[in-house]
Amino acid sequence: MASVQSYFEMFHSKIRLDENDENIKLREKRDVILRDLRGRLPNDMPTFTHFHQGSYSLNTGTCPLDGNYDIDIGVVFDCKKDKYTDPVSLKEKVRDALTYLNRTVNIRRPCVTVNYISNGKTEYHVDLAIYVKRDDGLLDIAMGKEHSEASKRIYQVAAPQKLTQLINDRFSGDDAAQFRRCIRYLKRWRDVQFANGGAPLSIALTVAAYEKFQPSKDLISGNFKDLLAMRAWVNNILSGFSFQSTEEGFAQRISVMLPVEPYCDLMIKHTNDQMKVLKEKLTTLYEVLNKAVDEALPEDACKLLSKQFGNEFPVPSKQETAKTVNAPYVSAGTSA
């Protein structure tokens, strides 16, 4: 097997969203939005607290291909759902408070999205999931759009902070670092391979990692092998496909069940045709990972991998690989 770990780590350094300028700007946007929300909501509104959710809280963020950076925030109002029996009305109050200057604010079914526009293009967006409290310690998330029919305007039980804790506790130390790296690799693969739509949600890929990923390292040296970890993980995902009955008929599908309330299938909205494409693309990815394992030369393995993960995956020359092979190996640590 060619030695490609260093190239995976170079790739990771390119796609990883970490403590860089963009991440700082995201935090600045978050702080401004929360400040405005506190200052511009009607006086009779209950107070709220907030927390991070999504890839930001899980440290699995990637730099977006389209340049549209995002951050997910949970906003918890200090009231129960009977205070605002129509959940969309609560989201409308949030929207009205945040509609200001160079922003557009849209009510989407699971959240309120604040877009920052520059030169006619969205540069950043902040997704605010709106919650109210429950007596059992869980939360109710406000679901529904502005013009949704009554049956689509609902509160749904949720446990976003419990989900974050579960995933963050799945592995520790360097195993957790490889876990997060591989999630980023698959998210970038998704962005490259599904540019025309039908992509699985980031949370679905992350939960699939929570369920099916296992760290991989050399038994003798202890050095991590991301290529082998990815191959095994993708194979485990493919093994989850089975024939299922749907309104569209029988089809091979995969379910990715949220491990916390409301315990829903994160792939349920994928059509049978989209599932077929997903399986085909995952199968191709697995075959390429297999071929890369069998390659003797790093440059040949990287050529194969770049076709799946995009042109940010480095393809070295023979001279470069000679230098890399002779250089001392430094394994990626917990900072990944």
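Trainee: At what angle do helix H7 and helix H8 pack?
Mentor: This is a predicted model, where local features need pLDDT of at least 70, side-chain atom pairs count only at pLDDT 80 or more, and totals for chains, interfaces and linings use all residues. Residues are numbered from 1 along each chain as its sequence is written, and side-chain values use heavy atoms, without hydrogens and water. Helix H7 is residues 202-212 and helix H8 is residues 226-239 (helices, H or I of at least four residues, and strands, E of at least two, are DSSP runs numbered from the N terminus). The axes of H7 and H8 are 10 Å apart, and the packing angle is about 100° (axes are fitted to C-alpha atoms, for helices over the stretch in contact; angles between N-to-C directions run from 0 to 180 degrees).

Trainee: Which residues of H8 meet H7?
Mentor: From H7, the residues involved are Leu205, Ala208, Ala209 and Lys212 (contact means heavy atoms within 4.5 Å). On the H8 side they are Trp233, Asn236 and Ile237.

Trainee: How are H6 and H10 oriented to each other?
Mentor: Helix H6 (residues 173-193) and helix H10 (residues 298-309) have axes 7 Å apart and an angle of about 65°. Angles of 65 to 115 degrees count as roughly perpendicular, under 35 as roughly parallel, over 145 as roughly antiparallel and the rest as oblique. H6 and H10 are therefore roughly perpendicular.

Trainee: Which residues of H10 make that contact with H6?
Mentor: H6 contributes Tyr185, Arg188, Trp189, Val192 and Gln193. H10 contributes Lys307, Gln308 and Phe309.

Trainee: How far apart are the end C-alpha atoms of helix H4?
Mentor: H4 has 12 residues, 87-98, and at 1.5 Å a residue should span 16 Å (1.5 Å times one less than the number of residues). The computed distance agrees with this: 17 Å.

Trainee: Is Thr60 buried or exposed?
Mentor: Thr60 sits in the loop between helix H3 (55-58) and strand S2 (69-77). Beyond neighbours within four places in sequence, Thr60 contacts Ser55, Arg180, Ile183, Arg184 and Lys187. Its relative accessibility is 2%, so Thr60 counts as buried (under 20% relative accessible area is buried, over 50% exposed, in between partly exposed; 1.4 Å probe, protein chains only).

Trainee: What distance separates the C-alpha atoms of Thr49 and Gly74?
Mentor: Thr49 belongs to strand S1 (residues 48-53), and at 48% relative accessibility it counts as partly exposed. Leaving aside neighbours within four places in sequence, Thr49 is in contact with Gly74, Val75 and Val76. Thr49 and Gly74 are 25 residues apart along the chain, yet their C-alpha atoms are separated by 8.3 Å.
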